[in-house]
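Please look over the sequence and the model shown here before reading on. The text then goes from the whole chain to single residues.

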Amino acid sequence: MKKENNQQENNTSRTELGKLGEFGLIDAMTKDIKIQNKETKLGVGDDAAVIDIKEHSLITSDMLLEGIHFDLSYTPLTHLGYKAVSVNISDIAAMNGIPKQITVNLGLSNRFSVEAVNALYQGIYAACDDYNVDLIGGDTTSSAAGLVISITAIGEQAEDKIVKRSTAKESDIICVSGDLGGAFMGLNVLQREKEVFKSNPDMQPDIDKYSYVVERQLKPKARMDVVYELKELGILPTSMIDISDGLASELFHIATQSGLGVQIYEDKLPIATKTYETAVEFNIDPNTAALNGGEDYELLFTITQDDYEKIKNHMELTTIGFMHPKKKGMNFITKNNQVIEVKAQGWQHLQ
């Protein structure tokens, strides 16, 4: 799989990082930066960037570590660069914010070439274009523990339009964007193919029929489109969070911080056909993939009863349940009307 999927060298000659040095590498990777936002007054090139944000600032940061958050044996570096930006933009979207700038910090070992870093930055710049954000700075240093990527995203929003996890109310309707469980099943496919390759390097990866779930894992997209569309529909969610650690975990965050319980329904969970079929093939309950898989980066949010009519026929938004008093608990209602306690079993960051 490494030969098939890893794009570190892109079939070009290898240029050692030491040949350029830190500043030469930074210059090479940032020479074509285009500023897209008027709020960005000064980007890469000085000791600090200068930005002019008139609304409230939203700031978030995520760190991705090789061997923990990604595996380069099956993760193309361009996809990794795109994903690293997306997971940060998703956090801005989760608060109904508009992203404006990012900074990128890299820890690189000497096994990476200039061409490999360039492939990573191709993905970063593609994401910047898609989300209309400016790369305004960062840092590059040596790493003895593989590739380290740390990105900080900066966004803005008016104070009365910022949406938190803690502001859901009783009887609010629970909604999700897109579909769930695909990224988890994509990870299962990639890990299986890696093991097949390790046992027989002559085998070619068999992932064509799994392209949907594999892309959900390797190149997730932050749902800024949903943020813009909710605004057009005149809907301000009463609470919101992005689904990075699994639907169940995110429901617990909203419920706990809002002092409420939840009731969701099995027959309402949005699971794509390809995700469902892959889960069955792997002997995994599709509901488990949707509830606990994680890395879908869809938006989970609540709305008032009055806003239901505005989204009830929306193709990309699904209502899956409602908020109720805390004493009623965290309930998952099966198709047979059995009540099962929702348990958060998603990604644990510290183990």
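Residues are numbered from 1 along each chain as its sequence is written, and side-chain values use heavy atoms, with hydrogens and water left out.

The protein chain has eleven helices and 13 strands. These elements are DSSP runs numbered from the N terminus, with helices being H or I runs of at least four residues and strands being E runs of at least two. Of the 351 residues in the protein chain, 52% are buried. Buried stands for a relative accessible area under 20%, exposed for one over 50%, and partly exposed for anything in between, with a 1.4 Å probe and protein chains only. The accessible surface of the chain is about 17,100 Å², and carbon and sulfur atoms hold 49% of that surface. Accessible areas come from the Shrake-Rupley method with a 1.4 Å probe, and for residues only the protein chains shown count as cover.

Contacts, meaning heavy atoms within 4.5 Å, can also be sorted by separation along the chain. Among the contacts in the protein chain with a separation of 6 or more, 87% are between residues 24 or more positions apart.

How confident is the predictor? The score is pLDDT, the predictor's confidence in each residue, from 0 to 100. Its mean over the protein chain is 88, and 85% of the residues reach 70 or more. Over residues 2-10, pLDDT stays under 50, and the model has 25 contacts beyond four places in sequence for them. Where pLDDT is low, the predicted coordinates should not be read in detail.

How many aromatic pairs does a search of the whole structure find? The search finds two. Rings of Phe, Tyr and Trp (its six-membered ring) pair if their centres lie within 6.5 Å; planes under 30 degrees apart are stacked, those over 60 are edge-to-face, and the rest are tilted.

Tyr-121 and Tyr-125 make up another tilted aromatic pair, with 5.9 Å from centre to centre and 45° between the planes. Both of these residues lie in helix H4, four residues apart, which is about one turn of the helix. Tyr-121 has 7% relative accessibility and therefore counts as buried, whereas Tyr-125, at 21%, counts as partly exposed.

The structure holds zero disulfides, a disulfide being a pair of cysteine sulfur atoms within 2.5 Å. Cys-128 counts as buried because its relative accessibility is 3%, and Cys-175 counts as buried at 0%.

Helix H3 also contains Ala-93. Is Ala-93 buried or exposed? With a relative accessible area of 0%, Ala-93 is buried. Apart from neighbours within four places in sequence, Ala-93 is in contact with Met-224, Val-227, Met-240 and Leu-299. From Ala-93 to Ala-222 the C-alpha distance is 7.3 Å, although 129 residues separate the two in sequence.

Thr-256, in helix H8 (residues 247-258), is exposed, with a relative accessible area of 59%. Its C-alpha atom is 7.9 Å from that of Ser-166, which is 90 residues apart along the chain.

Last come two backbone angles. Most residues other than glycine have a negative phi. Asn-96 has a positive phi, near 65°; this residue is in the loop between H3 and strand E4 (98-108) and is buried, with a relative accessible area of 8%. Tyr-297 has a positive phi near 55°. Its place is in the loop between helix H10 (286-292) and strand E10 (299-303), and at 10% relative accessibility Tyr-297 counts as buried.

Key:
This is a predicted model: local features need pLDDT of at least 70, side-chain atom pairs count only at pLDDT 80 or more; totals for chains, interfaces and linings use all residues.
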